[in-house]
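Q: Got a model open here and want to go through its pockets and core. Can we start with the pockets?

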Amino acid sequence: MGSNPLIDPMAFENERWSQTSRQGIVELPDYYISRFEVTTAQFAAFVEATAYRADPQSQQQALNHPVAYVSWTDAVAYSRWLDKTLREAAFLPPALKDFLMEGAHVTLPNEAEWEKAAKGADGRIYPWGNQMQSQRANVASGGTMAVGSFSCPECLFDLKDMSGNVWEWTRSAYQDYPFEASNNRVNLAEDALWVMRGGSYNDESNNARAAVRGAADPGARRPFIGFRLVISKQ
């Protein structure tokens, strides 16, 4: 995790691992991550099923676009509903059912899970490699696009929109590195910020990098913030 400015000149200081090391290694157990960002249609199904009080603007976007105007608490509420829904679903693939029964749950990715999915183990700067390619991500544009609109054959695990479209909430509280999964629930002040990853349609290439760390208040609802999910045992 993190960035080495000798390799990535755009690295921000908050991507530094420690005072003595620019980057660090985190061992992660197996997990599943969504291929796409959660869409307006998917979030609308949750709102309809639960009568959840979402921001009306979250329901006014195109159905196949990433849902936006969702807070961190909205994203967590959706993940908990989906966790319960999947456990009760007759169509759930056996591998996922077993994984859930073994202690996994549907949730937001933590920072390490998100970054591993974006850049793998080869330390690439962007999900597709070390050079910005505008045809691989929805950045520096006027708004969101349908999820998966950009082909990215070089991206890992066949994931879409890991850069651009909308910033994606994580379940990690914003704290200085080094990353520790257990830090998420320790010594959090009432005004704690929560990490977002991946940049959005109104960002330039520096914020489309896989190691970029954004943060926002958990109640923030913005047209450029959405989320994707993981099934994780952490």
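Q: Which element gives the largest share of the lining of the largest pocket?
A: Helix 2, with 3 residues. Bear in mind that this is a predicted model.

Q: Which elements give two or more residues to that lining?
A: Strand 1 (32-33), helix 2 and strand 7 (230-232).

Q: How many residues line the largest pocket, and which lie nearest its centre?
A: The lining has 20 residues. Nearest the centre are Ser 34, Arg 35, Gln 42, Leu 82 and Leu 229.

Q: What classes are in that lining?
A: It counts 15 nonpolar, 3 polar and 2 charged residues.

Q: Now the core. Which members of the largest nonpolar core touch the most others?
A: Phe 43, Tyr 78, Leu 108, Trp 169, Phe 227, Leu 229 and Ile 231, out of 31 residues.

Q: Which elements supply at least two residues of this core?
A: Helix 1 (40-50), helix 2 (72-88), helix 3 (94-101), strand 3 (167-173) and strand 4 (194-197). Helix 2 gives the most, 6 residues.

Q: What does Ile 231 touch?
A: Leaving out residues up to four places away in sequence, Ile 231 touches Tyr 31, Tyr 32, Leu 96, Phe 99, Leu 100, Ala 104, His 105 and Val 106.

Terms used
Residues numbered from 1 in each chain as written. Predicted model: local features only at pLDDT ≥ 70, side-chain atom pairs only at ≥ 80, totals over all residues. Heavy atoms only, no water. Core = buried A, V, L, I, M, F, W, Y, C linked by side-chain atoms within 4.5 Å. Buried < 20%, exposed > 50% of the residue type's maximum accessible area, 1.4 Å probe, protein only. Helix = DSSP H or I, 4+ residues; strand = E, 2+ residues; numbered from the N terminus. Contact = heavy atoms within 4.5 Å. 1 Å grid on protein atoms, 1.4 Å probe; cavity = no way out; pocket = protein on both sides within 12 Å on 5 of 7 lines; lining within 4 Å. Nonpolar A, V, L, I, M, F, W, Y, C, P; charged D, E, K, R; others polar.
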